[in-house]
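Here is a short report to read alongside the sequence and the model. Let's take it one topic at a time.

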Amino acid sequence: MSGRDEELIEIIAEEALIDRAKLDPAAKLEDIGLDSVDLVSVIFAIEEKYGIEIAEDAFDRSDTLGVVLAKIDALIDAKAA
Amino acid sequence: MSEPIVVTGLGCVCALGLSADESWSAARDADTGIHVHDFDTGPNGPGVRTYPAGLVRGDATAALEAAFGRRIGGSLDPFAIFALKAAHEALGQAGLLGQRLGERAACVMGNGIAGIQTLEKAYERLFGLKASKVHPLTVPRVMVSAPVSAVAMEFGVTGPVFATSSACASAGHAIAQGGALIAGGLADIAIVGGSEAMATPGGMRSWEGLQAMSESGCRPFSVGRDGMVIGEGGAALVLERESHAAARGAKVLARYLGGGMSSDAFHWTQPSLEGPVSAMRQACEAAGLLDAGEILISAHGTGTPLNDKNEAAAIRALFGEAGAQAHPVIATKSAHGHVIGGSAAVQAVIALKALEAGLAPPILGYLGPDPECGELNLVLGEARPIKARAALVNAFAFGGLNCALAFGI
């Protein structure tokens with residue numbers, strides 16, 4: 001896992017009040033216990049940190065954490081490019 | 001009041017401690033929670049200003065997370081954290097944790113201002129940092145009812161749940177409303193009290209603008225008093241229908257004997273004599289205390305020149321010059337600061353601990369008698385043994401809203 005993904009996972013743990021150990025990239029958001037209210041807080045914090053805009057429907061709760069990280073990485077890379 | 005209402009749990013978090021016992025011990029031992037603190041408006045504000053304040057002693061969030069075994073963190077504004085921590089302690093003492101309390105349980109807690117730490121941060125982002133978005137959970141964190149919603153969700157309270165707001169009397173009205181819900185048959189249990197977390201840079205500047213704050217400390221009923229000291233925290237009581245408490249074998253800590261409420265309908269910051277007297281009279285009449293031998297009076301006692309002079313006159317007006325001398329008067333804001341909308345609950349918890357111990361905690365900061373306040377039986381210096389089996393808790397708010405509560409053991 002990249003250093004940036006580690007950083008993103010830290011943000012998710014902090015904002016959604018979820019134990020860092022539960023944040024397995026293969027797990028689905030809904031199985032991690034990340035509800036819609038948690039998700040808006042996570043998206044807000046990531047937008048703030050990286051200066052990106054994440055669409056409201058960018059993620060589905062059936063997405064795995066790995067898929068979510070990849071989508072965010074792509075947005076951050078697109079901004080940097 | 002038809003069927004007696006008992007108190008089966010107490011909880012408190014304030015500048016004196018993170019529990020009712022800690023808060024009581026510090027109040028009893030004249031261990032003040034008021035200290036000088038810096039309040040920094042940050043890079044977008046005018047800078048640091050220093051005030052005496054009663055900030056919560058210890059980390060309430062960490063204590064709550066330890067009790068719940070999970071994180072609560074930034075999901076709530078401090079005013080809701082304080083309410084939740086106090087409610088958890090009170091329910092634990094009442095033996096009501098580990099279950100959903102259901103629709104025969106109510107929660108009524110007061111606050112005067114809402115979650116302004118969250119609001120300040122949100123507005124700093126907009127107006128200071130010129131950010132386009134505020135945190136998406138700003139509204140549920142700020143709203144006046146956030147503490148009671150948090151308590152309801154955490155403990156499964158599905159009966160009447162609402163917040164009361166009457167500035168510095170908010171928790172008083174909440175306790176009275178909780179009692180009324182039980183008396184009216186709408187609930188068997190009511191988690192009542194209040195909280196406030198207004199010791200923020202913006203909150204402090206707002207009080208300073210009103211010229212109500214002391215620069216030196218809180219000195220209720222003292223000569224040379226020059227204002228209030230802002231505190232923060234929250235407190236909760238579990239009120240319960242006596243038969244309900246008896247049926248489940250709950251230990252009775254005290255009795256809620258009744259409350260009185262009135263409005264001055266007069267002035268934003270100046271009190272009337274009639275309003276406070278009316279609230280105290282109603283509470284004492286409901287409790288049968290007008291002719292009691294000795295009552296512990298937990299005064300509103302803010303340390304402002306006007307309140308204390310008026311409250312002293314109100315106590316004498318209600319009980320008579322001679323009668324007033326029979327009742328020891330305490331003013332615990334001198335130790336924990338003014339918890340604004342949570343004050344009446346913090347005072348009630350300390351007053352009930354005082355009745356139980358047979359000791360009245362001393363008024364701190366007292367420099368000498370103020371002729372304007374006249375004769376009162378003030379508890380000064382150190383904790384004093386009392387015979388009182390009942391307490392009267394006063395809460396008088398800006399905008400002229402008054403509440404008085406009577407308890408007995």
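What share of the 409 residues in chain B is buried? Buried residues make up 58% of chain B, where buried means under 20% relative accessible area, exposed over 50% and partly exposed in between, with a 1.4 Å probe and protein chains only.

## About the model

This is a predicted model, in which local features need pLDDT of at least 70, side-chain atom pairs count only at pLDDT 80 or more, and totals for chains, interfaces and linings use all residues. Residues are numbered from 1 along each chain as its sequence is written, chains are lettered from A and ligands numbered from 1 in the order in which they are written, and side-chain values use heavy atoms, with hydrogens and water left out.

## Chain B as a whole

Chain B holds 13 helices and 15 strands; these are DSSP runs numbered from the N terminus, with helices (H or I) of at least four residues and strands (E) of at least two. Its radius of gyration is 20 Å, close to the 22 Å from the globule rule for 409 residues, so chain B is as compact as a globular protein of that length. Here the radius is taken over C-alpha atoms, and the rule is 2.2 Å times the number of residues to the power 0.38.

The C-alpha trace of chain B spans about 65 × 50 × 40 Å along its principal axes. Of the contacts in chain B between residues at least 6 apart in sequence, 78% join residues at least 24 apart, a contact being heavy atoms within 4.5 Å.

## A look at Ile191(B)

Ile191(B) sits in strand β6 of chain B, residues 189–196. With 0% relative accessibility, Ile191(B) counts as buried. Leaving aside residues up to four places away in sequence, its contacts include Leu91(B), Met109(B), Val151(B) and Leu237(B). Ile175(B) is 16 residues away along the chain, and the two C-alpha atoms are separated by 8.4 Å.

## The cavity in chain A

A search of the whole structure turns up 1 cavity of 30 Å³ or more. The largest cavity has a volume of about 50 Å³. On a 1 Å grid over the protein atoms alone, a cavity is a set of points where a 1.4 Å probe fits but cannot get out, and lining residues have an atom within 4 Å of a point. Grid points are joined across faces, edges and corners, and the volume is the space filled by probe spheres set on the points.

Among the lining residues are Ile12(A), Leu29(A), Phe59(A) and Ile72(A). The elements giving two or more residues to this lining are α3 (36–50) and α4 (65–80) of chain A, and the largest share, 4 residues, comes from α3(A). The lining divides into 11 nonpolar residues, no polar and no charged; Ala, Val, Leu, Ile, Met, Phe, Trp, Tyr, Cys and Pro count as nonpolar, Asp, Glu, Lys and Arg as charged, and the others, Gly among them, as polar.

Conventions:
On a 1 Å grid over the protein atoms alone, a cavity is a set of points where a 1.4 Å probe fits but cannot get out, and a pocket is an open set with protein on both sides within 12 Å along at least five of seven lines; lining residues have an atom within 4 Å of a point.
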